[in-house]
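I opened my notebook to look up charged pairs and a surface patch. Here is the structure I worked from.

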Amino acid sequence: SFSVDVTPPVWDADVLDKTYSGSTYSFKVKGTDETILNNTNSVLNSSNTKVFVNGQQITSGLTIGTGTLSSNQKEKVFPISIANFTGGTIKVTINAGALKDNGYKGGNTSEGKEYEWKADVKAPEWGNATGKYNPDEQSYTITVTGTDDIELNTDTSAITTSNSTLTVGGVNVTPTITKTASTSTSVTYQIKIANYTSTYTDKAIAFKINAGALKDKNNNTSAEKSYSFDAVDATKPEWKANITEKSYNSSTGKYAFELVGSDNKKLNDSASTLAGKLTIKTGTKVVDASDITIGTGTLSSDGKTKTFLVTVNNFQGGNVTVDIAEKSLYDATGNWNNKQSISFFRDVTPPTWADSIKNTRYNTENNAYSFDLVGTDENALNDAGSVLNATITVNGSPANVTYGTPSFDSGTQTKTFPVTINGYTEG
């Protein structure tokens with residue numbers, strides 16, 4: 001019995017070990033036979049192998065190695081290198097007969113083979129980044145995209161808190177990092193500071209991505225990339241905690257006061273308004289909107305404050321609560337105020353005298369008729385400012401009167417004025 005080898009050797013389907021170092025691009029091609037290759041007659045050289053770059057055949061800088069036969073003599077690997085390679089499409093054509101085995105009738109030979117691929121010699125890179133402040137949620141987000149001209153290794157290309165550094169005002173900040181898009185040639189990340197509040201106002205933002213964060217399919221890696229962003233105003237505008245009282249007209253019941261909104265930088269004049277944003281309560285009663293008039297507001301020369309005149313009709317006084325809704329003030333950055341309440345007390349009820357005299361008494365020995373006049377206030381009587389100024393007559397004629405020392409009761413907010421009519425007989 002015997003066997004006859006009639007199967008020709010073949011070239012592998014793809015080239016092997018693509019590398020790029022300096023300016024030299026290297027790769028390998030491998031021929032295989034199922035029995036034994038003829039080492040001497042399995043040769044690649046400039047006569048049977050042509051190499052093209054971007055459609056042009058090259059000879060200068062091209063090196064085709066003699067090849068290495070495996071220990072079992074079934075494989076032979078040929079190294080090929082291209083010096084001064086700057087990238088592009090490579091095509092390799094190998095003539096028929098370049099491989100030969102020891103088979104039937106002097107040996108079987110290989111068919112011709114052609115390889116073509118786009119050589120990846122360019123490192124992936126990070127593009128320009130954008131930084132955006134969101135005043136509605138008070139967050140700051142950096143968006144950046146990394147790309148490769150051929151194909152990224154999306155499994156290993158990433159931005160993490162370990163391979164990047166984010167600082168605000170020179171102080172490290174730990175952001176939330178999210179991959180938002182990915183293709184075969186690009187990957188996009190968002191780097192977000194969720195609680196970007198007034199602490200960060202006027203502080204510069206810097207972001208650095210370490211070298212190697214991007215890797216392509218040929219193991220090229222990205223260089224270090226640094227970005228800087230302008231500082232932003234993250235301080236919310238607010239209403240001053242105290243009102244400024246302007247006037248009260250007791251005959252008309254109109255009460256006017258001023259509310260002042262302020263910002264550390266500059267208010268947005270047109271967006272800052274109290275229309276539909278104001279509720280006033282006296283005690284527990286809500287003042288009807290028809291009884292409230294709000295002025296258009298006056299912006300200060302530096303743009304930092306805006307003053308609104310508020311007039312309340314049929315004002316009842318007492319404990320007053322002014323509730324101001326959020327988003328009634330906006331600054332130039334787009335920050336808006338939080339909901340705010342301002343409370344104060346306004347007494348509009350005048351003090352009164354008791355309807356009748358009190359503690360009447362008559363001394364028959366000296367004909368002295370004495371009584372008390374009592375004044376009171378529902379809230380707070382001014383002791384020092386409450387002085388009796390009275391005219392007392394008997395039968396239409398001025399009486400001989402002696403005024404005693406008044407007394408003040410802080411508990412009941414009353415003041416008692418003793419009065420004595422001397423020489424009183426009747427009338």
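My entries on salt bridges and the surface patch follow.

**Entry 1: the model.** I note that this is a predicted model. I looked up the salt bridges, and the structure holds nine.

**Entry 2: Lys30 and its partners.** I started with Asp12 and Lys30. Their side chains meet in a salt bridge, 3.5 Å from N to O. Asp12 is in the loop between strand 1 (10-11) and strand 2 (16-21), while Lys30 is in strand 3 (residues 24-32). The two are 18 residues apart, and the pair links distant parts of the chain.

I then looked up Glu75. Its side chain also meets Lys30 in a salt bridge, at 3.8 Å from N to O. Glu75 lies in strand 8 (residues 75-82) and Lys30 in strand 3, so this pair ties together parts 45 residues apart in sequence. I wrote down that Asp12, Lys30 and Glu75 are linked in a network of salt bridges.

Is Lys30 buried or exposed? Lys30 has 17% relative accessibility, so it counts as buried, the cut-off being under 20%. Glu75 is partly exposed, at 30% relative accessible area.

**Entry 3: Asp17 and Lys28.** I found a salt bridge between Asp17 and Lys28, with the closest N and O atoms 3.5 Å apart. Asp17 sits in strand 2 and Lys28 in strand 3, eleven residues apart. Lys28 counts as partly exposed, at 32% relative accessibility.

**Entry 4: the nonpolar patch.** Which residues form a nonpolar patch on the surface? I listed Val4, Val6 and Tyr104, with about 280 Å² of accessible area together. Tyr104 is in the loop between strand 9 (88-94) and strand 10 (113-119). Tyr104 is partly exposed, with a relative accessible area of 42%.

Methods: Residues are numbered from 1 along each chain as its sequence is written. This is a predicted model: local features need pLDDT of at least 70, side-chain atom pairs count only at pLDDT 80 or more; totals for chains, interfaces and linings use all residues. Side-chain values use heavy atoms; hydrogens and water are left out. Patches are made of residues with over 30% relative accessible area and no salt bridge: like charges are joined within 9 Å, nonpolar side chains (Val, Leu, Ile, Met, Phe, Trp, Tyr) within 5 Å. Accessible areas come from the Shrake-Rupley method with a 1.4 Å probe; for residues, only the protein chains shown count as cover. A salt bridge is a side-chain nitrogen of Lys or Arg within 4 Å of a carboxyl oxygen of Asp or Glu. Helices (H or I, at least four residues) and strands (E, at least two) are DSSP runs, numbered from the N terminus. Buried means under 20% relative accessible area, exposed over 50%, partly exposed in between (1.4 Å probe, protein chains only).
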